[in-house]
Amino acid sequence: AFHIVGVDLGGHSVFRGAVLDLGGRILHRVELPLAGSTGGDAVALAFDLVERLRGLATAPVLGIGVGSPGVVDGSGTVVSASHLGWEDEALRSSLAERFSLPVVVMNDANAAALAEHSFGEAEGDMMLVKVGHGVGAGLLLGGTPLFGSRFAAGEIGHVVVATDGGLACVCGKEGCLETWLATPRLDTALAAAATPEERTRILRVAGERLGIALAPVVGALDLAEIVLSGPTELLDGELARATIETLRARTMPEFHGNLVLRMTKLGEDIVLRGAAVMVLSGQLGVS
């Protein structure tokens, strides 16, 4: 009876969108090159994407779900998304005014965690780490998303994980997790690697830094699993092995020795399907 428009603004090279049915099945897709757009240009690109998707819907649109990078508050305002040059961008209200439809805007990693809960294999308390243009995480505790007192829960990309210096980050600090793990940073480092051994070292170091960032969270929350979402060719393998080894070395084995770390099976559609969950929950009260 209805379709849903889902939008993923977290890619490092494209804005991605889809028309979905009420079961989360993708019916139509649209991708628009980001081409370095920031500020008002990036907002205009997001509006263009939604316009195209709405034109592809062949049933009434139940709502628009948007996964955005950065910190997104309860009103759907993007408080800060440094890669897009957004500060206090009232994305939800702007989209609702433009399209006269219900709109839900959420951090993209939180949207991905909802998708893993509804369409994936999540069974217990979980942290989903999303790696793309930046690095973020979504937390589900007792089946409920954790947003934090300032809606910044899961913002691990700008946690400093270096005591030995590190590269400059877009946020202004040095040694943030993102400088090792974000897709553009990893791609650049791997492209410069002269040997397979050097590539392996780069991936393992990135995994170790991720494990350093996650160990206190696992210890504090006693999580059952960590789910990775992002480029499989980068994350699945040496990087994931180094992450779980570091986690187990830095937490209590009698409690956290069986911690599961795995890749999501939802692929690059995870945020789009999470956007559908957001609309289903907001408009129909179901997940």
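Analyst: Gladly; a contact here means heavy atoms within 4.5 Å, and please keep in mind that this is a predicted model.

User: OK, which residues of α6 meet α8?
Analyst: On the α6 side the list includes Thr200, Leu203, Arg204, Ala206, Leu210, Leu214 and Val218, and these α6 residues belong to a contact with α8 whose members include Glu238, Leu239, Arg241, Ala242, Leu247 and Arg250.

User: What's the make-up of that contact, nonpolar, polar, charged?
Analyst: The residues where α6 and α8 meet divide into ten nonpolar, five polar and six charged.

User: And how do the α6 and α8 axes cross?
Analyst: The axes of helix α6 (residues 196-221) and helix α8 (residues 238-250) cross at roughly 40° and come within 7 Å, and the crossing in which α6 passes α8 is right-handed.

User: Switching topic: how many aromatic pairs are there?
Analyst: The structure holds one aromatic pair, formed by phenylalanine 47 and phenylalanine 99, which is tilted, with 6.1 Å centre to centre and 40° between the planes.

User: Where do those two phenylalanines sit?
Analyst: Phenylalanine 47 is in helix α1 (residues 39-56) and phenylalanine 99 is in helix α2 (residues 91-99), so the pair links distant parts of the chain, 52 residues apart. Both phenylalanine 47 and phenylalanine 99 are buried.

User: Which arginines lie over the face of a ring?
Analyst: Arginine 209 lies over the face of tryptophan 180, at 4.2 Å from the ring centre, and arginine 273 lies over the face of phenylalanine 119, at 4.3 Å from the ring centre.

User: Now aspartate 108, buried or exposed?
Analyst: Aspartate 108 has a relative accessible area of 8%, and because buried means under 20%, it counts as buried. Aspartate 108 is placed in helix α3 (residues 108-119).

User: What does aspartate 108 contact beyond its sequence neighbours?
Analyst: Leaving aside neighbours within four places in sequence, aspartate 108 is in contact with Gly10, Gly67, Ser68, Pro69, Lys130 and Val271.

User: Why does glutamate 178 count as buried?
Analyst: Glutamate 178, which is in helix α4 (residues 178-181), counts as buried because its relative accessibility is 6%, and the cut-off is under 20%.

User: What does glutamate 178 touch?
Analyst: Not counting residues up to four places away in sequence, glutamate 178 touches His83, Gly134, Val135, Gly157, His158, Cys169, Val170 and Arg185.

User: And what separates glutamate 178 from glutamate 51?
Analyst: Their C-alpha atoms are separated by 32 Å, with glutamate 178 and glutamate 51 lying 127 residues apart along the chain.

Notes. Residues numbered from 1 in each chain as written. Predicted model: local features only at pLDDT ≥ 70, side-chain atom pairs only at ≥ 80, totals over all residues. Heavy atoms only, no water. Helix = DSSP H or I, 4+ residues; strand = E, 2+ residues; numbered from the N terminus. Buried < 20%, exposed > 50% of the residue type's maximum accessible area, 1.4 Å probe, protein only. Phe/Tyr/Trp six-rings, centres within 6.5 Å; stacked < 30°, edge-to-face > 60°. Lys NZ or Arg CZ within 6 Å of the ring centre and 35° of its normal. Axes fitted to C-alpha atoms, helices over the stretch in contact; angles between N-to-C directions. Left-handed = near helix turned anticlockwise from the far one by under 90°. Nonpolar A, V, L, I, M, F, W, Y, C, P; charged D, E, K, R; others polar.
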